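Let's take a walk through a protein model together, one stop at a time.

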Amino acid sequence: MAVASTSLASQLSSPKSLSSYSGLRPSCCKLEFSHSLSATQSLFQHLHSHLRLSSSSRKASRGVVAMAGTGKFFVGGNWKCNGTKDSIRKLVADLNSAKLEVDVDVVVAPPFLYLDQVKSSLTDRIELSSQNSWVGKGGAFTGEISVEQLKDIGATWVILGHSERRHVIGEDDQFIGKKAAYALSEGLGVIACIGEKLEEREGGKTFDVCFQQLKAFADAVPSWDKIVVAYEPVWAIGTGKVASPEQAQEVHVAVRDWLKQNVSAEVASKTRIIYGGSVNGGNSAELAKKEDIDGFLVGGASLKGPEFATIVNSVTAKKVAA
């Protein structure tokens, strides 16, 4: 699909190599310990996630690939501000003809203008998502789209908290949490995005940032039954840089542990934690092998029907080895 795509990459990318992104926190010997409860909890969460990561690595060495959670594999395509009637017609035709694995929930999020076109022509196998929604009931809110309007047109999901909404539009954690709460209360599923910027990763603040964003959702939402968490490191969105499977797994482990400690073990098990950030047909299978990666939120590659189908079908990498 010949569509030009712009992203936050030009504002947030760095010439540093991907190897410089490996640290999530400074080493323990460099940490300045305070007597605050939050600092102590943060340290224990960090240590606990590394223990779980070591356990996951041992499982992988035996050739066993499984999902840590109990939810169905989930792949979403975020088309962002891309497309025309003609190009979207071609993309929908490609998706309709694609052979997709049955044990995957598949969702696409077209621009608002084309939601109705896609809904009326896309196979029922694929669900429809919005890229954003208003914080409450519709009314005198110029330029906004209400949850009620999205439901009326046939959308069943909404993406909230995407980094481009956070860092370009200026939405804060609490506002995003309120949006999620309202969407859930009206019956939409929420793809709740979290993730750190480059300078936050380099400063060892990845966990702090992700946990703060998670807490804003947890403080607001009535239930986690229809929430999918999407970890999208901002430095990997649209840059061509992708977190290594090990880097992504480490954060996904930490997110699942945070849910277990701060919400419930049941929610931690049931909630799907998907990865986003330069996912494509060439790297999705290796990422999918990690047991805490429950699927993907795909940007640019979702504009290419055959490649998006390849990513959806990477669920086969989840199969337990004999």
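What follows is a tour of some helix pairs, a loop and a cavity. Keep in mind that this is a predicted model.

Let's begin with helices that lie against each other. Two packed helices are described by the angle between their axes and the distance between the axes. The crossing of α9 over α10 is right-handed. Which residues make the contact? On the α9 side you'll find Thr-206, Phe-207, Cys-210, Phe-211, Leu-214, Lys-215 and Ala-218, while α10 brings in Glu-250, Val-251, Ala-254, Val-255 and Trp-258. Sorted by class, the residues of this contact of α9 with α10 come to nine nonpolar, one polar and two charged.

Now stay with α9 and look for another partner, helix α7, residues 173-185. The axes of α7 and α9 come within 8 Å and cross at roughly 40°. So α7 and α9 are oblique to each other, and α7 passes α9 in a right-handed crossing. From α7, the contact uses Asp-173, Gln-174, Ile-176, Gly-177, Lys-178, Ala-180 and Ala-181, and from α9 it uses Gln-212, Gln-213, Ala-216, Phe-217 and Ala-220. How many residues of each class does the contact of α7 with α9 have? There are six nonpolar, four polar and two charged ones.

One more pair of helices is worth a visit: α3, residues 85-97, and α13, residues 305-312. Their axes come within 8 Å and cross at roughly 40°, which means α3 is oblique to α13. Here too you can check the handedness: α3 passes α13 in a right-handed crossing. Leu-91, Asp-94 and Leu-95 of α3 meet Gly-305, Pro-306 and Phe-308 of α13. That contact of α3 with α13 has four nonpolar, one polar and one charged residues.

Next, head for the loop between β3 (127-130) and α5 (147-153), where Gln-131 sits. Setting aside residues up to four places away in sequence, Gln-131 touches Asn-78, Trp-79, Lys-80, Cys-81, Ala-109, Pro-110, Pro-111, Phe-112 and Ile-159. Gln-131 and Ile-145 are 14 residues apart along the chain, and their C-alpha atoms are separated by 10.0 Å. Val-135 is in the loop between β3 and α5 as well. With residues up to four places away in sequence left out again, Val-135 touches Phe-175, Lys-178, Lys-179 and Tyr-182. Val-135 and Ala-181 are 46 residues apart in sequence, yet 8.4 Å apart in space from C-alpha to C-alpha.

Our last stop is a bit of empty space. Rolling a probe the size of a water molecule over the atoms shows where empty space is left. How many cavities of 30 Å³ or more does a search of the whole structure find? It finds one, and the largest cavity has a volume of about 30 Å³. What lines it? The lining of the largest cavity is made of Gly-161, Ser-163, Arg-166, Cys-193, Ile-194, Gly-195, Gln-213, Glu-232, Val-234 and Ile-237. Both α6 (163-169) and β5 (189-194) supply at least two residues of this lining. By class, the lining of the largest cavity divides into four nonpolar, four polar and two charged residues.

Notes. Residues are numbered from 1 along each chain as its sequence is written. This is a predicted model: local features need pLDDT of at least 70, side-chain atom pairs count only at pLDDT 80 or more; totals for chains, interfaces and linings use all residues. Side-chain values use heavy atoms; hydrogens and water are left out. Axes are lines fitted to C-alpha atoms, for helices over the stretch in contact, and angles run from 0 to 180 degrees between N-to-C directions. Helices (H or I, at least four residues) and strands (E, at least two) are DSSP runs, numbered from the N terminus. Angles under 35 degrees count as roughly parallel, over 145 as roughly antiparallel, 65 to 115 as roughly perpendicular and the rest as oblique. A crossing is left-handed if the near helix is turned anticlockwise from the far one by less than a right angle, and right-handed if clockwise. Contact means heavy atoms within 4.5 Å. Ala, Val, Leu, Ile, Met, Phe, Trp, Tyr, Cys and Pro count as nonpolar, Asp, Glu, Lys and Arg as charged, and the others, Gly among them, as polar. On a 1 Å grid over the protein atoms alone, a cavity is a set of points where a 1.4 Å probe fits but cannot get out, and a pocket is an open set with protein on both sides within 12 Å along at least five of seven lines; lining residues have an atom within 4 Å of a point. Grid points are joined across faces, edges and corners, and a volume is the space filled by probe spheres set on the points.
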